[in-house]
Amino acid sequence: MNTASNTNSGWTPDSWRSAPLAHGVEYPDRQAVALAEKQLRELPPLVTSWEIERLRGFLAEAEEGKRFVLQGGDCAETLADCKASTITSKLKILLQMSLVLVHGLKKPVVRVGRFAGQYAKPRSSATETREVGGSKVTLPSYFGDLFNSAEFTAEARRPDPALMVRGYKHAALTLNFIRALIDGGFADLHHPEYWDLSFFHHASLSEQVRAEYRRMTDNLADGLRFMEALGEKTVDDLTRVEFFTSHEGLSLEYESAQTRTVPRREGHYNLSTHFPWIGERTRSLTGAHAEFFRGIRNPIGVKIGPKATPAEVIALCEKLNPLNERGRLALICRMGKPSVAQALPPIVEAVHSAGKRVLWMCDPMHGNQITTSSGIKTRSFDAILGELEETCRVHARLGTVLGGVHFELTGEDVTECIGGGAGVTEADLSSNYASPCDPRLNYQQALEMAFLLSRALSKSR
Ligand code: PEP
Ligand code: CO
């Protein structure tokens with residue numbers, strides 16, 4: 001029985017409006033905001049409640065170590081990137097990574113994209129100052145394509161509520177293409193030989209890693225056919241390709257306008273995405289985001305950084321998952337390599353001993369940001385891998401389950417993160433730095449990371 005309504009006292013899709021709103025954007029024209037919200041309320045949903053419930057079931061199994069969640073995509077999706085080639089290459093890298101993980105972990109992998117709505121970004125400063133024509137100009141920061149545009153002009157940076165409706169439409173176009181590709185058999189796991197996994201043969205990896213990788217690709221197709229021949233029950237699960245969507249639910253105007261009841265189910269669903277999450281900067285217990293998220297039926301994530309205290313995390317669990325339901329709450333920890341060994345264990349121990357049901361995920365990207373001497377934001381492959389490896393060790397030691405990972409990545413050949421077998425150096429960063437926000441793993445770095453993660457997870461079991 002769904003008892004959501006018993007615990008949602010005082011909650012409505014709009015109750016967040018009377019709580020303090022962190023990282024809210026000041027729209028100059030409130031009437032235009034109301035109009036955009038009205039349009040969003042009337043447009044059809046992007047996802048359905050039964051897809052959301054299906055994901056919730058998978059996440060419940062991931063909590064118990066029966067599945068593994070791979071979540072990834074751009075830091076900031078842009079409207080301009082709503083193109084067949086970009087979407088296809090994002091799907092392809094997520095599929096290939098999931099294949100590596102399926103093979104290494106021998107369990108089904110749940111694929112969740114940071115796409116079809118990852119258009120809103122919290123920024124450390126509300127304004128940005130640049131030198132233009134010899135004088136300093138201060139404009140609102142770029143908050144993502146859902147709010148304003150990246151170009152440094154007063155017009156582009158003015159928050160425009162009509163962008164919420166454009167964002168919704170681009171999310172719909174993205175999803176439509178993804179659904180068509182999946183239905184058309186784009187990603188049949190029985191044909192990994194078509195997937196161009198060959199770069200490892202010439203990447204500068206150690207001979208041992210290369211040999212392991214070669215073995216894996218050689219065995220994969222045969223392995224699946226063999227399991228199928230044996231009538232393995234799980235083979236369908238292992239090979240069925242499904243994608244779920246997720247994004248940071250930063251714009252509560254956008255999220256609440258697409259939150260509604262559906263026939264024959266209790267409670268409200270946020271139908272803009274399957275799996276929204278609250279960012280590290282907006283997860284205050286008394287803030288508007290926690291208020292909005294506590295009442296929706298979707299599975300939800302919360303980012304947890306190194307400054308979070310165990311008591312704060314427990315309080316978040318109680319507020320966001322008062323009935324302690326399976327598959328409801330993912331804690332996406334992003335401690336940073338230097339802090340993870342110290343900061344993660346007390347939180348995991350406290351949550352575990354309080355009996356709180358959560359899906360432990362690791363985001364090894366957001367705690368590992370550095371700025372080069374020439375002012376470019378980057379992340380090192382080694383720090384990202386190091387945080388993942390340490391997180392695996394922490395969970396192994398405490399007897400808890402690391403059930404998923406969260407990456408910023410792209411299927412394109414960008415140069416935003418340093419390191420990896422393909423050897424992107426600091427000097428290469430400017431050659432193809434395309435992210436309007438945080439640096440992403442490129443295609444080769446992401447695939448290599450999946451492989452090394454699969455080794456780290458297997459070792460810690
Ligand atoms: C993000 O995921 O892009 C992000 C801003 O993360 P965090 O909230 O963890 O800083
Ligand atoms: Co980011």
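Asp, Glu, Lys and Arg count as charged, Gly is among the polar residues, and Cys and Trp are among the nonpolar ones. Keep that in mind for the tour of this predicted model.

**Stop 1: ligand 1.** Select ligand 1. The space it takes is the largest pocket. Now show the residues around ligand 1: Cys75, Arg114, Lys121, Glu248, Trp277, Gly279, Glu280, Arg281, Lys303, Arg334, His366 and Glu408. Colour this shell by class. Two of its residues are nonpolar, two are polar and eight are charged.

**Stop 2: polar contacts.** Select Lys303. An N or O atom of the Lys303 side chain is 2.7 Å from an oxygen atom of ligand 1. Go to His366 next. A polar atom in the His366 side chain lies 3.0 Å from a ligand 1 oxygen. Then pick Glu408. Its side chain has an N or O atom 3.0 Å from an oxygen of ligand 1. The protein covers 98% of the 300 Å² of accessible area that ligand 1 has on its own.

**Stop 3: the cobalt ion.** Select ligand 2. Which residues coordinate the cobalt ion? They are Cys75 through SG, His366 through NE2, Glu408 through OE and Asp438 through OD, at 2.1 to 2.4 Å. Along the chain, these donors follow the spacing C-x290-H-x41-E-x29-D.

**Stop 4: Glu408 and Asp438.** Show both. Glu408 is in strand S14 (residues 402-408). Asp438 is in the loop between S14 and helix H14 (443-459). The two are 30 residues apart, and the pair links distant parts of the chain.

Notes: Residues numbered from 1 in each chain as written. Chains lettered and ligands numbered in written order. Predicted model: local features only at pLDDT ≥ 70, side-chain atom pairs only at ≥ 80, totals over all residues. Heavy atoms only, no water. Near = heavy atom within 4 Å. Polar contact = N/O pair within 3.5 Å; in protein donor to acceptor, adjacent residues only side chain to side chain. Areas by Shrake-Rupley, 256 points an atom, 1.4 Å probe, with all protein chains shown as cover. 1 Å grid on protein atoms, 1.4 Å probe; cavity = no way out; pocket = protein on both sides within 12 Å on 5 of 7 lines; lining within 4 Å. Sits in = over half its atoms within 2 Å of the grid points. Donors = N, O, S within 2.8 Å, 3.2 Å for Na, K, Ca; no water. Helix = DSSP H or I, 4+ residues; strand = E, 2+ residues; numbered from the N terminus.
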